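Subject: Handover of a structure

Dear colleague,

Please find the structure below, followed by an account of what was found in it.

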Amino acid sequence: MKKTLQETPLLDELEQGPWPSFVTGLKRLAQENDMMVDLLGQLETSYRTRTGYWKGGTVGVYGYGAGVIPRFTELKDEQGKPMFPEAAEFHTLRVQPPAGMHYTTDLLRRLCDVWVKHGSGLIAFHGQSGDIMFQGAKTANVQAAFDELNELGFDLGGAGADVRTSMSCVGAARCEMSCYDEQRALRTVINSNLDDMHRPSLPYKFKFKFSGCPNDCVNSIQRSDMAVIGTWRDAVRTDEALAREWFAAHGMEELIDNVITRCPSKAIRLKKANGSEPAPQVSRVMLDDDHLLEIDNPDCVRCMHCLNVMPGALLPGADRGVTILVGGKGVLKIGVSMGTVVVPFMKLETEEDLTKLNELARKVLEFFAENALDHERIGEMIERIGLANFLEALDLPVDPSMVLHPRTNPYVRTDDWDEQVAKAKARQDGA
Amino acid sequence: MAQPQHRLPVEHGAPDPMPFMHPVMKKNYGKWVYHNHPQPGVLYHRAQSGDEIWTVKAGTQRQMDHQTVRKLCDIADRYADGFVRFTARSNIEFMVADRGKVKPLIGALTEAGFPVGGTANSVSMIAHTQGWLHCDIPGTDASGVVKALMDELYEEFVGCQMPNRVKISTSCCEINCGGQADVAIIVQHTKPPKINHDLVANVCERPAVVARCPVAAIRPALVNGKPSLEVDEKKCVCCGACYPPCPPMQINDPEYSKIAVWVGGKNSNARIRPTFHKLVAAGLPNNPPRWPEVAEVVKKILGTYKKDGRPWERVSDWIERIGWAAFFRKTGLPFTRHHIDDWRGARSTLNASTHIRF
């Protein structure tokens, strides 16, 4: 029985203007199914009353404890009956996309077909954690929708106190800044911890994110509990042809204003060409016959700025790997936090390297599971117990790259100073 | 009676992207050496092998009806080799290995109503949350706020005229699922939760709710003979942290849930370290369907940044150079006592120097 769409004067205003309108899309769906007719009815009510009307609940698929976001309407009449019954159940399936969010049109159409058959036809590409969100299924249809998606090779993502769906940047697929195989690292870590995604039993959510370079296009440093960010430890590579091309096109003023003076650690300098050899550990590239650019690599903090301004002319070094930061999170409860360095550098090229990353991820998850309080993110846990204790528990060596500066207060027991010095020396000798 | 047979899930995890990746990207995986930006909405990449690929980026509404997805697929099939990818900000990217395909592709997207842009120094698509459409705790909508703002910022999406890229996020509660951004638009509640004492005992795990409060303003109480919770309203900072674990502590209010604007967040390590966004304006009305008061503040800030920022300065770099006094003066936004942080760590946000710009 096809329902008629009630009037939606407020939402209609969002059909105006040049940006693609989700309201027009919802109305297209409402021509096909009654669920979207009623969804529009409830949404228009929200716009009128400035109130949300969904509550959660328990809906899932067989074998999993997470991945479906249940939504039941709270917009009811005096008899307690839903005012928009066809949208009284409007659940979302969170589904993990192919890492890097690559799709063929054939695949997208198949996903659409499943959702037209079992759901509302409304899909979000993608949610803030990176899931494809299939929005709008009745409880009775959730299992069938999942089964078909699962047959296509797709799996539910995370929700609640579990490992969440992950994201990686486009990375190696199309970017010269990429310092490791982002999607492979993502799939290694995530797909080895699916039990902790599908069956929530952690103190709270745990997010991994993978960015190929310090530009951090998937915002991993703040938006994940464990961020894996590409970097390099040898010299910035240069391409003279592209450097000359850039300089010819942009000139001295832009070079000084946009490249030289914007270096945060003053590692980059403009010099006159005089035929001398560059000092060791210095990357040098000719800009024209008289001028050259030098980067003193030990001073460089790998911020990416000059590489961004002069693409191709300056490139990440050849000895690449990742920096790992732990503790990024949103505002609840202690305030927003960035991840902080726990591994300044590790290689991530061979199968063995990936296994090491995976083992570290597992150890971090296990320590979190054992030691965090209920609803405490790992960043909060570290704030509570202290970074040094966290590092010691994970058997990660302390390193000056983990702090902006050493402590500024004397409130510390140093009875074991000599023992700690011996440890530091042993690390140095071992390195 | 026999139990119905349940199909056991296959725990695939995150799918392998290789079967869905454009062949030129797959062939040159990890071997790219150069990129440039031929025009707004278009990126050019070159691989070591000499292979080239052009990417055309377009904005979407994110919450897409399947017809819109199919329309994008038709365009991809006809003009772009049948491959697409999505960015972290819900833009869609079409890749073509032939320069000649770029123009017709842009034409087809524009014709179909998808704005081409979002690259380099543009205002990219707004990272957004679920809002009234699907969230169980929203103070406002998400898709509607984004649609209304992107209409206003359309020219900044399709052009690339900002000093550097601009990332905007919206969040329909203070949890801030939209994340850190150059400009963030976030609900800010201004009244303590209204408690339905009849429901608390049955719905809420009271010790867990007490533990959620960042300022220890919630305590167990007996109200009308029923076990419930009470809030010390003088301590309460109206963050709404108690509402998700205890829906009878209603924090959302049509009038008193306001909207705040924050600026200067960035996740990239380029130049200064990653930064959090900072509160600059609050008390804006939650005014659907187009939130004009919010749009006005955002446009004012972006207009000032566009005029005053130097090349490559993100909003945070720009403010770092001009100082907060100039930011408030130039944008005309009032500086109030509420801008001075008093949460933990606040001392590090105070000016412990005589470095003052006059």
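Helix H9 (residues 240–260) of chain A has 21 residues, yet its end C-alpha atoms are only 17 Å apart, short of the 30 Å that a straight helix would reach at 1.5 Å a residue; the expected span is 1.5 Å times one less than the number of residues. Helices (H or I, at least four residues) and strands (E, at least two) are DSSP runs, numbered from the N terminus. A kink of about 105° in H9(A) is centred on A:Gly251, the bend at a residue being the angle between axes fitted to the seven residues ending there and the seven starting there.

This is a predicted model, in which local features need pLDDT of at least 70 and side-chain atom pairs count only at pLDDT 80 or more, while totals for chains, interfaces and linings use all residues. Residues are numbered from 1 along each chain as its sequence is written, and chains are lettered from A and ligands numbered from 1 in the order in which they are written.

Chain A is divided into domain 1 (9–151), domain 2 (167–231 + 320–430) and domain 3 (237–315), with bounds from an automatic or database domain assignment. The centres of domains 1 and 3 of chain A, taken over C-alpha atoms, are separated by 51 Å.

An open sheet of six strands has the order S5(A)-S5(B)-S6(B)-S3(B)-S2(B)-S1(B), with antiparallel pairing; two strands pair if DSSP finds at least two bridges between them. Five bridges join the antiparallel strands S3 (residues 52–58) and S6 (residues 92–96) of chain B, and B:Lys57 stands opposite B:Glu93 in S6(B).
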